[in-house]
Amino acid sequence: KDGKWGFIDKSGKVVIEPQFDYVRDFSEGLGKAKKDGKWGYIDKSGKVVIEPQFDSAGTFSQGLGRAKRDGKWGYIDKNGKVVIEPQFDEVSDFSEGVAQVRKKGKWGYIDKIGKVVIEPQFDDAYPFNEGFGRVEKDGKWGFIDKIGKVVIELQFDEVSDFIEGFVHVKKDGKWGFIDKSGKVVIEPQFDEVSDFVEGFAK
C-alpha cells in the first residue's frame with residue numbers, strides 16, 4: 001500500500017501495517033523485512049526483533065538465519081547475534097545439522113558452530129537428506145556422508161534426493177534408480193521419472 005509492504009491474515013485483516021520497503025515470508029516465527037535498504041526481522045505482531053542492518057538476509061532453519069554483510073554471508077541467531085561470522089560467498093539453510101557453503105568457487109559443509117566439517121571442494125552441493133549429501137565435481141554427481149566420504153561414486157549426469165530410500169539418477173540420457181548402497185535397482189532406461197511416493201514412482 002502506497003509503496004509499502006505489510007501482512008494480512010486469511011480474512012484479509014491487516015495484522016502488520018504496511019511500513020516496510022519489502023517483506024518476505026516467515027520462517028520459524030520470524031519474517032524478513034527491509035527498511036532504508038537494509039534487512040532485519042520482525043515477529044508475527046510486526047515488532048522488529050532484529051534491527052534492519054544486513055545487506056541481504058535468508059530464512060531461519062534449525063534456529064539460525066543467513067545474513068549478508070560487506071559482501072559475505074554468515075549466520076545469526078534469533079536475537080540477531082552473529083553466530084558464524086560473515087566469510088562465505090554463498091550459504092544455504094541448515095539441514096540435518098549442516099549447511100553447504102561456497103568459498104573461492106567451491107562448495108563444502110559447516111556445522112552449526114561454523115566449523116568446516118567438509119572442506120570446500122565441490123563444484124555444486126545440495127542440503128543433506130536422509131544422511132546423504134548430493135555433490136557434483138567435473139560435471140558428475142554422487143553422494144557423500146557427513147564426514148565427506150564419498151559413499152556413492154560421482155558418476156551420474158544428474159541425481160535427485162533420496163526419498164523412501166531410493167534416488168533417481170541419470171546416465172547417458174536415461175533415468176533409473178539406485179538404493180542407498182549405490183546399487184542400481186532399476187536400470188537407467190526411462191526418458192523421465194519421478195520420486196517414489198508410497199512405494200510407487202511414475
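**Entry 1: Lys38**

I looked up Lys38 and found this residue in strand 5, which covers residues 38–42. The model I am reading is a predicted one. I then asked: is Lys38 buried, partly exposed or exposed? I noted a relative accessible area of 31% for Lys38. Buried would require under 20% and exposed over 50%. Lys38 is therefore partly exposed at 31%.

I next listed the neighbours of Lys38, leaving out residues up to four places away in sequence. Lys38 touches Ala33, Pro52, Gln53, Phe54 and Asp55. For Asp55 I recorded a further detail: its side chain and that of Lys38 make a polar contact at 2.5 Å. I also checked Lys38 against Glu90, which is 52 residues away along the chain. Their C-alpha atoms are separated by 18 Å.

**Entry 2: Strands 13 and 14**

I turned to strand 13 (residues 106–111) and strand 14 (residues 116–122). The two run antiparallel, and I recorded three bridges joining them. Which residue of strand 14 stands opposite Ile110? I found Val116 in that place.

Strands 13 and 14 form a hairpin, and I noted four residues between them. In the turn I looked up Gly114, whose phi is positive, about 95°.

I traced an open sheet of four strands and wrote down the order 19-20-21-22, with antiparallel pairing. Which strands lie at the edges? I identified strand 19 (158–159) and strand 22 (184–190), each of which pairs on one side only.

I then examined how strand 19 meets strand 20, which holds residues 166–171. This antiparallel pair is joined over two bridges. For Val159 I looked up the bridge partner in strand 20, and the partner is Val169.

**Entry 3: The chain as a whole**

Along the principal axes, the C-alpha atoms fill a box of roughly 55 × 40 × 25 Å.

Of the 202 residues in the chain, I found 39% to be buried. Among contacts with a separation of 6 or more, residues 24 or more positions apart account for 23%.

Finally I looked up the charged side chains and recorded 34 positive and 37 negative ones. How far apart do the centres of the two sets lie? I noted a distance of 4 Å.

Notes:
Residues are numbered from 1 along each chain as its sequence is written. This is a predicted model: local features need pLDDT of at least 70, side-chain atom pairs count only at pLDDT 80 or more; totals for chains, interfaces and linings use all residues. Side-chain values use heavy atoms; hydrogens and water are left out. Two strands pair if DSSP finds at least two bridges between them. Buried means under 20% relative accessible area, exposed over 50%, partly exposed in between (1.4 Å probe, protein chains only). Contact means heavy atoms within 4.5 Å. A polar contact is a pair of N or O atoms within 3.5 Å; within protein, one must be able to donate a hydrogen and the other to accept it, and residues adjacent in sequence count only if both atoms are side-chain atoms. Lys and Arg count as positive and Asp and Glu as negative; His and the chain ends are not counted. The place of a charge is taken as NZ of Lys, CZ of Arg, CG of Asp or CD of Glu.
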